[in-house]
Amino acid sequence: MVRDVKGLSGLIRHRYREGASLAVVARELGVSKSTVRRHVPVRERRDAAAAARQRHRSRAQTPYEKALRAQVVRLYGSGMPQQRVAATLGISVEAVVARLEPSQRRSRQEAARLSVEQQGDLLPQEEIVARYVQGVTMTELGKLYGVHPTTIRRRIPDDLIRGRAPGPRPRSGRVLVEEEVRRRYAAGESAYVLAREFGVSVHTLRARIPAAEWRGRPAEEASAPPPRPVRPGSGGVRMVLALSDEEILARYQAGQSATAIGRAAGVDCRTILRRIPEHERRSHLQAQRLNRPAPNVDADTIRALRARGLTWEAIAAETGLSAKTIRARA
């Protein structure tokens, strides 16, 4: 059967102007998409965005799409979350959202409230309280019921919570006394140590100390450079250490590193170095040779031991080093 070219071209252009896509026109007329595209003038062709909108409108009019949209709206309107609607219908969450009008979607606050209410209906509160009284922890109950321990905590009355005394819980174990804080801070104690002892933040402690006595950077001068550390003999308030300057210098001269001395005193190694005179400090190479274990075991010694037939493990056992260190020095 020979088609009328003029009639086919007019029919193609008429159906395309009505909004049918190239694929729909080709399927209806039994021709290829190339044939349809060839009979549609270039000036009348829709761009990609317009074609996508048209495909979406055409798909929305199919019976399957209408039934699917009705099911999505019905399940979502019954209180079911988007994830469960998608799992029930076998589609993605994005497909569920696309089939809901903006006015039909729940806000985040409403969705969170509905989720909490549904969890409360599903969780057996009496059973949770009974298990908790028997000794089961909130973490174990959360893993058992598949919820967060905080959700379990909301189901248990306050008077049954273990380890909590009746009444309001105190914020810290000690009362923050401004006179004591100022006196101990002026004596050289760290603000971080005092804040940890009184159970408050450093900012709270900072508010109790006058600006003239504060050793850190002033709060009103945020752009000023940080203060330089106080050197020995330059005056000012110094930190009180568990070790005296004489003992620190004696340990350093005996061969201990600043890091080891700082670990023993509970401070940073830079604090220890500031207590040691400049002419007593070791250079980097001197410190490396001093802190290196078994400095007399060099590459020549290791090669001589290897020439005698000893293995890496045997050399390591003889020198007191690890086999990895022996290989690295060789």
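Begin by selecting arginine 282 and tyrosine 252: the charged end of arginine 282 sits over the ring of tyrosine 252, 3.9 Å from the ring centre. A charge sits over a ring if NZ of Lys or CZ of Arg is within 6 Å of the ring centre and within 35 degrees of the ring normal. The model is predicted, and local features need pLDDT of at least 70, side-chain atom pairs count only at pLDDT 80 or more, and totals for chains, interfaces and linings use all residues. Residues are numbered from 1 along each chain as its sequence is written, and side-chain values use heavy atoms, with hydrogens and water left out.

**The whole chain**

Display the protein chain as a cartoon, which shows 21 helices and 0 strands. Helices (H or I, at least four residues) and strands (E, at least two) are DSSP runs, numbered from the N terminus. Of the 330 residues, 25% count as buried; buried means under 20% relative accessible area, exposed over 50%, and partly exposed in between (1.4 Å probe, protein chains only).

**Helices H15 and H16**

H15 and helix H16 (residues 258-265) pack at an angle of about 140°, with their axes 10 Å apart. Axes are lines fitted to C-alpha atoms, for helices over the stretch in contact, and angles run from 0 to 180 degrees between N-to-C directions.

**Helices H9 and H10**

Now select helix H9 (residues 125-133) and helix H10 (residues 138-145), whose axes come within 10 Å and cross at roughly 140°. On the H9 side the contact is made by Glu127, Ile128, Arg131 and Tyr132, and on the H10 side by Met138, Leu141, Leu144 and Tyr145.

**The aromatic pair**

Tyrosine 185 belongs to helix H12 (residues 178-186) and tryptophan 214 to the loop between helix H14 (202-207) and helix H15 (245-254), so the pair ties together parts that are 29 residues apart in sequence. Both tyrosine 185 and tryptophan 214 are buried.

**Isoleucine 326 and tryptophan 312**

Move to isoleucine 326 in helix H21 (residues 323-329). Isoleucine 326 is buried, with a relative accessible area of 0%. Not counting residues up to four places away in sequence, isoleucine 326 touches Val297, Ile302, Trp312, Ile315, Ala316, Thr319 and Leu321. Select tryptophan 312 from that group: arginine 306 lies over its face, at 4.3 Å from the ring centre.

**Arginine 45**

Is arginine 45, the last stop, buried or partly exposed? At 36% relative accessibility, arginine 45 counts as partly exposed. Arginine 45 lies in the loop between helix H3 (33-39) and helix H4 (48-60). Beyond residues up to four places away in sequence, arginine 45 touches Tyr16, Arg37, Arg38 and Val40.

Methods:
Contact = heavy atoms within 4.5 Å.
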